[in-house]
Amino acid sequence: MKNKSTENNKRTSKSLFQKANLVFSKNKGFIIRMILFTFLALFTEWLIFNRISLNFQLSFNLVFLVFWIFIGEFLLPKNKMFKLHPKNYWAAFLTPLFFNIILNLFVFKYVNIFAISTILSTLIITLLIDYSTGLISGLIFSAYFGILFGFDLKFMIFLFLPAAVVALSSRKTKRRIEIILPFFWASLTQIIVAYVINLYYTPLDYLIIIESNFLSVLVTMGILPFFEYLTRVYSEIGLLELGNLSNPLLKNLSLKAPGTYYHSMIISNLAESSAEIINGNMVLARVGSYFHDIGKVWRPQFFSENQKNKNPHSDISAKLSSLILNNHVTYGIELAKKHRLPILIEDMIAQHHGTRVKQFFYSEYYNQTGIKDTNMFRYPGPIPQFKEAAILMICDVTEAMVRSMQDLSAVDLNEKLDNLINSLFFEGQLDDCGLTLREVKKIKGRIIRTIMEMNHKRISYPKVEAKELKE
């Protein structure tokens with residue numbers, strides 16, 4: 001009987017452990033964030049009050065963590081990017097937020113309560129992710145200090161309204177110099193709010209607000225690249241700097257695979273104009289196009305745009321040809337990880353062919369063997385998960401199609417592009433990207449227009465003797 005009861009106890013404890021492990025694995029991110037905020041509260045009390053009080057920790061954490069759950073944990077996962085890359089985007093949100101909270105705890109202790117500024121974290125998060133996420137970060141920051149200073153609603157408003165102004169005024173920032181505008185509007189807002197709610201004590205407080213906000217902007221400009229490198233979530237400023245054509249990866253591509261490099265430049269124009277027409281991220285579309293084929297630096301002669309005379313695929317099997325083509329995706333991903341390219345550009349490298357079948361090699365294999373197995377000839381994928389990746393796929397196959405056309409006309413191009421996009425739909429390649437039919441129609445129209453403008457005919461100039469042209 002004792003042995004049976006012991007075995008039952010072991011099974012019960014094992015079952016409870018498995019359930020606990022399952023609950024933890026499902027909610028690991030949430031639990032870790034709760035622990036991090038709890039440690040932050042402990043550090044806050046120790047730094048400011050030089051002691052740890054159970055009553056303070058219970059009251060502070062009970063209010064703040066409930067607030068965080070209803071705001072942060074509820075709203076942030078609605079952003080698609082937090083679902084695609086939770087580690088990267090949670091890091092891009094929490095790292096600047098924690099850094100700014102800790103920085104301002106020291107500011108409060110050693111400078112002045114009016115020197116507390118929400119600009120740094122709000123601005124960085126807005127630039128890295130989007131303005132709605134920046135707005136949430138400003139609200140969390142304001143609530144943290146509002147609760148810390150005795151549930152002071154006035155002080156929370158004093159911090160949040162400038163944060164809202166920063167998020168809204170920096171959402172289209174593409175140059176570092178433009179960062180000065182959020183500083184100006186936020187400082188003006190904060191001074192007005194302080195005056196209206198009667199929160200200031202001396203005129204010197206206004207000067208402290210301006211100085212603190214200005215220093216926050218300077219620090220933001222300096223540390224933004226470090227947050228980008230750390231999280232692999234890049235701002236449009238960082239993407240533009242990365243897209244410099246002197247980038248070592250792009251230089252290497254231009255030397256080893258010049259045909260691919262030229263192909264990428266053409267696609268970047270198509271992708272950028274297509275993203276513009278649907279209000280997508282034009283910078284991501286352009287820079288992602290630059291890097292989408294960097295994996296072709298390995299054996300560039302196996303890709304048609306780099307071939308001069310002999311096609312090396314004629315000497316190998318269709319299955320080996322398929323593996324070599326797949327390798328430009330997998331090797332491109334390796335290069336993206338090695339050089340810490342933005343996580344979304346790594347996605348565009350992986351997704352620009354989706355899981356499409358290489359029809360030429362599949363047909364060749366079928367004619368030789370009579371075996372129907374499309375899976376051997378699929379790209380590794382996955383299919384595009386966001387709009388810019390889908391735009392890149394459409395532009396990539398369109399450019400290849402245009403190169404095969406003898407006579408280029410808008411009517412023929414429209415018909416062929418219709419067939420191509422229908423094929424992508426029927427293959428399920430556009431199922432997860434979020435593009436609507438209206439957006440696809442706009443993209444198609446913009447691609448046709450851009451291609452026709454890029455390939456316009458030039459007039460023939462009359463021949464004039466060089467002697468006549470000499471001065």
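## Exercises on charge pairs and the core

**Exercise 1.** Which side chain does Lys 296 meet in a salt bridge?

*Solution.* Begin with the pair: Lys 296 and Asp 293 are joined by a salt bridge through their side chains, at 3.2 Å from N to O. The term asks for a side-chain nitrogen of Lys or Arg within 4 Å of a carboxyl oxygen of Asp or Glu. Next, look at the cover: Lys 296 is buried at a relative accessible area of 7%, and Asp 293 is buried at 0%. Here buried means under 20% relative accessible area, exposed over 50%, and partly exposed in between (1.4 Å probe, protein chains only).

A word on the model: it is predicted, so local features need pLDDT of at least 70 and side-chain atom pairs count only at pLDDT 80 or more, while totals for chains, interfaces and linings use all residues. Residues are numbered from 1 along each chain as its sequence is written, and side-chain values use heavy atoms, leaving out hydrogens and water.

**Exercise 2.** Find the helices that the salt bridge between Lys 387 and Glu 439 links.

*Solution.* First, the distance: these two side chains meet at 2.9 Å, N to O. Then place each partner: Lys 387 sits in helix α18 (residues 387–404) and Glu 439 in helix α20, 52 residues apart. Helices are DSSP runs (H or I, at least four residues), numbered from the N terminus. Last, compare cover: Lys 387 is partly exposed at 27%, whereas Glu 439 is buried at 13%.

**Exercise 3.** Glu 276 forms a salt bridge with which residue?

*Solution.* The partner is Arg 446, with the closest N and O atoms 3.3 Å apart. This pair also links distant parts of the chain, from helix α13 (residues 258–277) for Glu 276 to helix α20 (residues 437–454) for Arg 446, 170 residues apart. Glu 276 is partly exposed at 42%, and Arg 446 counts as buried at 16%. Over the whole structure, a search finds 17 salt bridges.

**Exercise 4.** Which residues touch the most other members of the largest nonpolar core?

*Solution.* Such a core is a set of buried Ala, Val, Leu, Ile, Met, Phe, Trp, Tyr and Cys residues joined through side-chain atoms within 4.5 Å. Of its 133 residues, the ones to pick are Trp 68, Phe 93, Phe 145, Phe 158 and Phe 291. Now zoom in on Phe 93: beyond its neighbours within four places in sequence, its contacts (heavy atoms within 4.5 Å) include Trp 68, Leu 76, Phe 82 and Ile 125.

How values were computed: Helices (H or I, at least four residues) and strands (E, at least two) are DSSP runs, numbered from the N terminus.
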